[in-house]
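Hello,

Here is the structure I promised to pass on. Please open it alongside this note.

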Amino acid sequence: MIASGSGPRLEEITPRNIDAALAIRVRPEQEFAVSPVVKSLAEAYVHPGTAWPRLIVDGADARPVGFLMAFFDIDWRDDGTAIRSGLWRLNIDAGAQGRGYGRFAVESVAAEIRRRGGDELYVTWHAGEHGPENFYLGLGFRPNGEMAEDEVVGVLGLELG
């Protein structure tokens, strides 16, 4: 698990760390399941009120280990009936996987959703070998019966307080 001195933390994407964010790469067999960071940052640029991109760093040297992008209060169905917040993207660098950074990322997004008054965290994933389904199910996400394009929609209830 996470074993460095100061522990993981999130940093805003800035001119100082954008190259580190762009260098995050998942394992080749996982590339089908998540967009590269550069696409996420482009989407964040065109959705400035919704997207919340963050670099995941660890240790006193702020070593980049991953990237996440959350979304807040989107109109899921474009009709006002389902306003949702959740995890849009999660890219843990190939060399940093299996050390608890993904769990840290999900917990960080959950904390931000709670801070904003939300009580559910949504995520979508590609099913299949090398996909993140077992990771999300292991954290307590449950499929809600919906699909978003070709991805399973999962939800995690968040206890307030």
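Is Glu-43 buried or exposed, going by its relative accessibility? Keep that in mind while reading; the model is a predicted one.

Glu-43 is buried, at 18% relative accessibility. The cut-off for buried is under 20%. Its salt-bridge partner is Lys-39, with 4.0 Å from N to O. Lys-39 has 41% relative accessibility, so it counts as partly exposed. Both residues lie in helix 2, which covers residues 37-46. They are four residues apart there, so about one helical turn separates them.

Helix 3

Helix 3 spans residues 101-115. Two salt bridges are worth a look here.

Take Arg-103 and Glu-107 to begin with. Their side chains meet in a salt bridge, again listed at 4.0 Å, N to O. The two residues are four apart in helix 3, so about one helical turn lies between them. Arg-103 is partly exposed, at 42% relative accessibility. Glu-107 is partly exposed too, at 46%.

Then go to Arg-115 and Glu-112. The closest N and O atoms of this salt bridge are 2.7 Å apart. The spacing is three residues within helix 3, which also comes to about one helical turn. Arg-115 is exposed, with 60% relative accessibility. Glu-112 is buried, with a relative accessible area of 12%. Elsewhere, Arg-9, Glu-11 and Arg-16 belong to one network, joined by salt bridges that share partners. The structure holds ten salt bridges.

Strands

How do strand 2 and strand 3 pair, in the parallel or the antiparallel sense? The pairing is antiparallel, over eight bridges. Strand 2 takes in residues 51-58, and strand 3 takes in residues 63-75. Together the two strands form a hairpin, with four residues between them. Gly-59 sits in the turn and has a positive phi of about 80°. Val-57 stands opposite Pro-64 of strand 3.

Strand 3 also pairs with strand 4, residues 83-92. These two run antiparallel and are joined by eight bridges. Look for Ala-70, which stands opposite Leu-87 in strand 4. One general point for viewing: side chains in a regular strand alternate between the two faces of the sheet.

Best wishes

Key:
Residues are numbered from 1 along each chain as its sequence is written. This is a predicted model: local features need pLDDT of at least 70, side-chain atom pairs count only at pLDDT 80 or more; totals for chains, interfaces and linings use all residues. Side-chain values use heavy atoms; hydrogens and water are left out. Two strands pair if DSSP finds at least two bridges between them. Buried means under 20% relative accessible area, exposed over 50%, partly exposed in between (1.4 Å probe, protein chains only).
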